[in-house]
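The sequence and the structure come first.

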Amino acid sequence: MNNTFDSILKRLKILQPLMNLTDDQVKLLTTHKKISQAELEVNGEKYPAWRIMHNDALGPGKGGIRFHPEVSEDEIKCLSFWMSLKNALVGLPFGGAKGGVRFNPKEKNKDELEQISRAYIDAFYKVLGETKDIPAPDVYTNEQVIAWMLDEYEKKVGYHEPGMITGKPVEIGGSPMRKEATAQGGFIIIEQAIKAFGGDKNNFSIAIQGFGNVGLNLAKMLYGAGFKIVSVSDSQAGIFNPKGLDINQVIAVKEDKGRVAEYPEAEKISNQELLGLEVDLLVLAALENQITEENVSRVKAKKIIEVANGPITSEADAVLKEKDILVIPDILANAGGVVASFFEWTQNRTGGICPPEHLKKKLEFMMKDSWNRVYTLFQENDENIDLRTVAWTVAIERILAAEKWRGHLK
Ligand code: NAD
């Protein structure tokens, strides 16, 4: 079964005895606080859209908006739940939320994208705001989409409020490091994992699924640091060269021709073949449900990092554990983006300005701190408890503590 909210429920049921969770606590964790749904009408066409708040005990909701033909309420419920855990794990004063619109952005021109972005805000502006729920970019939404959304929101409410959304262009209140921050955070976690579990950077092969904002930027950072990237892919196909790819050239080809498969010095492979490569590290940076019950037996990577949200189903996760393949979970690996969003939000609300170098240091501190918290508990616990279980435990304890202080739990 793929990652659906049912599989999150199953994971929580497994965690319940480990964490001594009461039924009331599980119920609270599995109940979404607010589900807002709308049909956006643009040029006679209708687009189903959602904004879902999972939990706001720690602070206003925070989480991206995705434009994708497969967006569904169930998917946004999962993504908002993971946002609650991620924000709690990293120690941010945010709850978890997420949004999306079901359509294929690749089939739309710029005017249509603008109309859909503005229609999204027209539908949901009442549940958004810097102290309510703060969106950000996600799959196939970029800083231009975010800029249109901010503009529409400010028109609706009649005043400036840049902190109502993050991932903005720098000129209208964005942070200079937000775009690369998720990749930067993932890079820091990879370095920490190599320190903890061993591995020689100069003799370390990596395959990366997904070559968008996160995958491309992470490839650039890893390549710059001397790692050997043997394979990358986008939604169309992958490329493989056991001697390593020249990532700067792959980026140039992707920018010029729109697909990595046009890169000449590599064998063309499918996304499924990439997932089965024998590499030191497999980086999942595309979408959820990529490693499932059906293909998990073919995975030969030594370690996996989930920089995408939910790329491994719970059934596949159990098999990877049996095969002793280490998985670094999404809520830790991709938290860099929301940490940078937190800096952007703080800056917008105080009117302060922070130099990018300072922000980079703060990001590094928070990512290392989160890694250390998870890794220390992982070492202290019995060997059978994986990194995901530890990360979920830390996050859930924080959310439940906040709920208890608020008097929502006995
Ligand atoms: P993006 O839209 O910039 O890139 C997505 C990439 O995945 C593209 O290269 C696309 O071609 C590729 N892709 C799509 N379907 C694929 C498939 N079936 N097989 C292989 N590749 C496929 O999105 P992004 O912002 O890079 O996000 C990627 C993942 O990271 C998502 O799961 C997202 O939720 C997660 N994430 C993103 C951020 C962020 O700051 N952007 C933060 C946290 C988590």
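Which residues in α6 meet which residues in α7? On the α6 side they are K179, E180, T182, A183, Q184, G186, F187 and I190. Their partners in α7 are N213, V214, N217, L218, M221 and L222. Contact means heavy atoms within 4.5 Å. By class, this contact has seven nonpolar, five polar and two charged residues. Ala, Val, Leu, Ile, Met, Phe, Trp, Tyr, Cys and Pro count as nonpolar, Asp, Glu, Lys and Arg as charged, and the others, Gly among them, as polar.

The model is predicted: local features need pLDDT of at least 70, side-chain atom pairs count only at pLDDT 80 or more, and totals for chains, interfaces and linings use all residues. Residues are numbered from 1 along each chain as its sequence is written, and side-chain values use heavy atoms, with hydrogens and water left out.

**Helix packing**

Helices (H or I, at least four residues) and strands (E, at least two) are DSSP runs, numbered from the N terminus. Axes are lines fitted to C-alpha atoms, for helices over the stretch in contact, and angles run from 0 to 180 degrees between N-to-C directions.

| Pair | Angle | Axes |
|---|---|---|
| α6 (178-197) and α7 (213-224) | about 50° | 8 Å apart |
| α6 and α13 (356-380) | roughly 40° | within 10 Å |

α6 is oblique to α13. Angles under 35 degrees count as roughly parallel, over 145 as roughly antiparallel, 65 to 115 as roughly perpendicular and the rest as oblique. The α6 and α13 contact involves A181, Q184, G185, I188, I189, Q192, A193, A196 and F197 of α6. From α13 come K360, L363, E364, M367, K368, W371, Y375 and F378. By class, that contact has eleven nonpolar, three polar and three charged residues.

**Two asparagines**

N43 sits in the loop between β1 (34-42) and β2 (45-55). N43 counts as exposed, at 59% relative accessibility. Buried means under 20% relative accessible area, exposed over 50%, partly exposed in between (1.4 Å probe, protein chains only). Beyond neighbours within four places in sequence, N43 contacts E112 and Q115.

N348 lies in helix α12 (residues 336-350). N348 is buried, with a relative accessible area of 17%. Its side chain makes a polar contact of 2.8 Å with the side chain of K168.

Technical notes: Polar contact = N/O pair within 3.5 Å; in protein donor to acceptor, adjacent residues only side chain to side chain.
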